[in-house]
Amino acid sequence: MASFNDQEYSRLIIMDNYEHPNKKVDTKPNGYLEFNNNSESCIDNISVYLKIESDIVVDALFSGIGCAVSTASTNILCNLISNKPIKDVKLILDNYINMIQSNEYDENIIDTLKVFSNVNKQANRIKCATIGIDATKKIIDGIK
């Protein structure tokens, strides 16, 4: 069985989530919190939508335009955080950001997002790999 440490396997996961994002929508759904994040240096412009009930992210969706890395990372994140308590979502976000910044992280917490573990070796891709994650973090941090 292939692992996330296998670059070819990671590429397949990224391309599948880019070409067939199951969490991408065309318009903002009703009853969802939203944050739009875009890049000044490329085409990436992603809006993340979270439906939160009783401190649980019951659904996570996104819309917008993005490269393979930004679209795939946002789609994977939306799948990973759906139906999770906010405290778990915060752990996922913190561990993912730690991985991107080459700090210690728990790969079990970030699950499939591990496919982006080499992004920090390409400085121009870090913004791509964090645009949807940063938008999600802004929504979560804004909840009282």
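**View 1. The largest nonpolar core of the predicted model.** Of the 36 residues in the largest nonpolar core, those that touch the most other members are Leu50, Val57, Ile81, Tyr96, Leu113 and Phe116; such a core is a set of buried Ala, Val, Leu, Ile, Met, Phe, Trp, Tyr and Cys residues joined through side-chain atoms within 4.5 Å, where buried means under 20% relative accessible area (1.4 Å probe, protein chains only). Two or more residues of this core come from each of helix H1 (7-19), strand S2 (45-53), strand S3 (56-65), helix H2 (68-81), helix H3 (86-100) and helix H5 (123-142), and H3 gives the most, with 8 residues. Helices (H or I, at least four residues) and strands (E, at least two) are DSSP runs, numbered from the N terminus.

**View 2. The surroundings of Leu113.** Leaving out residues up to four places away in sequence, Leu113 touches Ser73, Ile76, Leu77, Leu80, Ile92, Tyr96 and Met99, where contact means heavy atoms within 4.5 Å.

**View 3. Asn37 in strand S1.** Asn37 lies in strand S1 (residues 33-38) and is buried, with a relative accessible area of 12%. A polar atom of the Asn37 side chain lies 3.0 Å from the backbone oxygen of Ile131. Apart from neighbours within four places in sequence, Asn37 is in contact with Asp44, Asn45, Ile46, Lys127, Ile131, Asp134 and Ala135.

**Notes to the views.** Residues are numbered from 1 along each chain as its sequence is written, and side-chain values use heavy atoms, with hydrogens and water left out. In this predicted model, local features need pLDDT of at least 70 and side-chain atom pairs count only at pLDDT 80 or more, whereas totals for chains, interfaces and linings use all residues.

Methods:
Buried means under 20% relative accessible area, exposed over 50%, partly exposed in between (1.4 Å probe, protein chains only). A polar contact is a pair of N or O atoms within 3.5 Å; within protein, one must be able to donate a hydrogen and the other to accept it, and residues adjacent in sequence count only if both atoms are side-chain atoms.
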